[in-house]
Amino acid sequence: MAPPAIFGIDSGGLNLFISLLILSLVLVWLATIYWTYADARRRLVDSMLIGCATAAAIFPFVGAIVYMIVRPPEFLDDVRERELEMLASQARVAQLGFLQCPECRGEVEREFVRCPSCRQRLKNPCVRCSRPLDP
C-alpha cells in the first residue's frame, strides 16, 4: 500500500518534499508561539497579558505579528535599570549642594542662610566672617 498522497500528488519525491515543507512550517509556527511566550515574559508583568499574547500567537503567524506591533518597546530589566539610574542621578544632584527647605520644601543651596521662598532661617551666620554655620 502506498503512503497517502498530499494534495493529490502521487510522486514519491515531491510528496516527501511537501511533507518536509509542512513539517518545517509547523516547527516554525511552534517556535513562534514559544518566542512570543518568552518575549512576553521579559516585557510584561501581568501573567494574564502574557497568557493572552501566547494565545494570540496560536493563530499561525498573524498572532505573533500583532503581538510584535502592540508589545511594550522595552524589557522589564531595562525599565528597572533606567529607574535605578534616575534615582542615582537624583542622589548625585542632591549631594552637589542642593537641599530642601524644611518649611516649604523649596530648593536651597548649602550656602544659604535663609530660604529664598519662605524666608525661613536655615543656618546661623558666623560672627566674624558671616558664612553660614551648620547647626
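**Notebook: looking around a predicted model**

**Entry 1: Ser117**

I looked up Ser117 and found it exposed, at a relative accessible area of 56%. My cut-offs are these: buried is under 20% relative accessible area, exposed is over 50%, and partly exposed is in between, with a 1.4 Å probe and protein chains only. The model is predicted, so I note its limits: local features need pLDDT of at least 70, side-chain atom pairs count only at pLDDT 80 or more, and totals for chains, interfaces and linings use all residues. Residues are numbered from 1 along each chain as its sequence is written, and side-chain values use heavy atoms, with hydrogens and water left out.

I placed Ser117 in the loop between strand 2 and strand 3. Helices (H or I, at least four residues) and strands (E, at least two) are DSSP runs, numbered from the N terminus. I then checked the distance to Cys101, 16 residues away along the chain. The C-alpha atoms of Ser117 and Cys101 are 8.9 Å apart.

**Entry 2: Pro116**

Pro116 sits in the loop between strand 2 and strand 3 (124-125). I read 48% relative accessibility for Pro116, so it counts as partly exposed. What does Pro116 touch, not counting residues up to four places away in sequence? I found Glu107 and Val108. Contact here means heavy atoms within 4.5 Å. I also looked up Ile9, which is 107 residues from Pro116 in sequence. In space, C-alpha to C-alpha, Pro116 and Ile9 are 88 Å apart.

**Entry 3: two positive phi angles**

Arg105 has a positive phi near 65 degrees, and it is not a glycine. I found Arg105 in the loop between strand 1 (98-100) and strand 2 (107-109). Arg105 is exposed, at 56% relative accessibility.

Phe61 also is not a glycine, and its phi is positive at about 65 degrees. Phe61 belongs to the loop between helix 2 (47-56) and helix 3. Is Phe61 buried, exposed or partly exposed? I read 34% relative accessibility, so Phe61 counts as partly exposed.

Thr32 is part of helix 1 (residues 12-43). I read a relative accessible area of 17%, so Thr32 is buried. Leaving out residues up to four places away in sequence, Thr32 touches Phe61 and Ala64.

Next I checked how helix 1 meets helix 3 (residues 62-70). Their axes come within 10 Å and cross at roughly 20 degrees. Axes are lines fitted to C-alpha atoms, for helices over the stretch in contact, and angles run from 0 to 180 degrees between N-to-C directions. Helix 1 and helix 3 are therefore roughly parallel. The scale is: under 35 degrees roughly parallel, over 145 roughly antiparallel, 65 to 115 roughly perpendicular, and the rest oblique.

Helix 1 and helix 3 make a left-handed crossing. A crossing is left-handed if the near helix is turned anticlockwise from the far one by less than a right angle, and right-handed if clockwise. On the helix 1 side, the contact uses Thr32, Trp35, Thr36, Asp39, Ala40 and Arg43; on the helix 3 side, Ala64, Tyr67 and Met68. I sorted these residues into five nonpolar, two polar and two charged. Ala, Val, Leu, Ile, Met, Phe, Trp, Tyr, Cys and Pro count as nonpolar, Asp, Glu, Lys and Arg as charged, and the others, Gly among them, as polar.

**Entry 4: helix 1 and helix 2**

At what angle do helix 1 and helix 2 cross? I read roughly 160 degrees, with the axes coming within 8 Å. Helix 1 and helix 2 are therefore roughly antiparallel. Their crossing is right-handed. Ile33, Thr36, Tyr37, Ala40 and Arg41 of helix 1 meet Ile50, Ala53 and Thr54 of helix 2. This contact has five nonpolar, two polar and one charged residues.

**Entry 5: the core**

Which residues form the largest nonpolar core? I listed five: Ala40, Leu44, Ile50, Ala53 and Tyr67. A nonpolar core is a set of buried Ala, Val, Leu, Ile, Met, Phe, Trp, Tyr and Cys residues joined through side-chain atoms within 4.5 Å. In soluble globular proteins, nonpolar side chains tend to be buried together. Apart from neighbours within four places in sequence, Ile50 is in contact with Tyr37, Ala40, Arg41 and Leu44.

**Entry 6: Asp77**

My last stop was Asp77 in helix 4 (residues 76-95). Asp77 is exposed, with a relative accessible area of 55%. Asp77 and Ser24 are 53 residues apart in sequence and 33 Å apart in space, C-alpha to C-alpha.
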